[in-house]
Amino acid sequence: MIPIVTPTEMAAVDAAATEPVDVLIRRAAGAVAAEAVSMLGGTYGRRVVVVAGKGNNGNDGRVAARLLARDGVRAVVLDAGELPPAMPQADLYLDAAFGTGFRGTWDPPPQPMAPVLAVDIPSGISGLTGDAAGSPWHAARTVTFAALKPGLVQADGPGHSGEVVVADIGLDVSVASGWLVESGDVAAWVPSRAADDHKWRHAVWVVAGSAGMQGAGWLCARSAGRADASYVRASSPGLEHPDAPREAVGTGLPASGWGREVADGAARFGAVVVGPGIGLASHVRDELEAVVRSGVPVVLDADALRAVGQEPLAATTSAGDTPTVVMTPHDGEYESLMGREPGADRFAAARAAAAHHGCIVLLKGPTTVVADPGGSVYAVRSGDARLATAGSGDVLSGIIGAHLAAGAQPLRGAAAAAYLHGVAGRVAGEHGVLAGDIAEVIGDARSLLADPAAPG
């Protein structure tokens, strides 16, 4: 994991530093200068233009310019408030105009032809939300200090930041309550099968689908099996013979009262997944209350989230400090749960929903954000547009169910599932990827995660 701190948290980190500000600036500038030399491929005859603002971000750029000049680079510093209509020619541009606390908009001269190295965050990108204000430059690389900032991993931030390098300048970022998930985290967070395992040890019960909506349940059950669930039961309320993958066991459930039936049989399972395609009948919320009261880890998705609505399930809010329910909303389902859209600050949105509903909330998006009621947040960026296909969310729910059944801690198990889901989308192909294709390659994707060069 890589720590993520908000601009407010970073200000507190800076204030608590034991070293003087000028020492920290020299360290930061040294890291910037080193990355600049790397990008330049040397120093002799190279020309660098530094755009420097008034704050510490600008000071980092000015000191970096002096360090580069000492090594033979022709470094020119321009005031961010007095830039010419077009930038002078250079081999590299250092964007040290504004940092994570910038407010307003930034409209610099047009994007230069040579690469841009951003200091801490590209100027004009919100350090909190990642939204671009004005027409910020696109950096080829960004050197950020001590920890990532939320704006570097969401919204416009990733597209403007290029490769992000986190430089250690001796600051204590243990206050971080957010982290970016990395490849190696998945293997560490999801227990593998033991030598003496049997089929009931990692069993998942999928309650999904209904008449005319059988595909959702099939995809969810299939992905649970591909994600290492050792036994999958697939049931659809109101259907005696649900459509299930060959390897899953299809069982009937009544059209109403199924929640109590699932709760009564849930003890043999490591997790229950409920929601995709079950419909929005008026009694569904009561059924969900019964399932959640079983005490078995539960994943709620799709129709289950709309059935819950804004009033938390009593069974989730009474679970104390160890939530075992995972909700997986996209933006529309989030609005059903909270009565408002997530807004620009998606970290805060996921935290708010998790605290309100007393459970783990996985807010889907280009950056998936997973939060617990205590405010811990994991960000996942392994996926891309290939996940934006019908049924992809059903596949994700099945993976989460398999991870919980394996004994993963719910927050980390859900985050690991989101990461694996993204990698599987890439493994499935470049074009024409369907949700079923993603489900089929989950095992291959997990095998790739042992490779340090794995996607994501």
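Which residues of helix α1 are buried? Before I answer, please keep in mind that this is a predicted model, in which local features need pLDDT of at least 70 and side-chain atom pairs count only at pLDDT 80 or more, while totals for chains, interfaces and linings use all residues. Residues are numbered from 1 along each chain as its sequence is written, and side-chain values use heavy atoms, with hydrogens and water left out.

In α1, which covers residues 7-15, the buried residues are Pro7, Met10 and Val13, where buried means under 20% relative accessible area and exposed over 50%, with partly exposed in between (1.4 Å probe, protein chains only). These residues lie on the same side of α1, because they cover an arc of only 110 degrees around the axis, the arc being that of the directions from the helix axis to the C-beta atoms. The face turned away from that buried side carries the exposed residues Thr8 and Ala15.

Helices here are DSSP runs of H or I with at least four residues, and strands are runs of E with at least two, numbered from the N terminus.

Finally, helix α14 is largely enclosed by the rest of the structure, because 15 of its 18 residues are buried.
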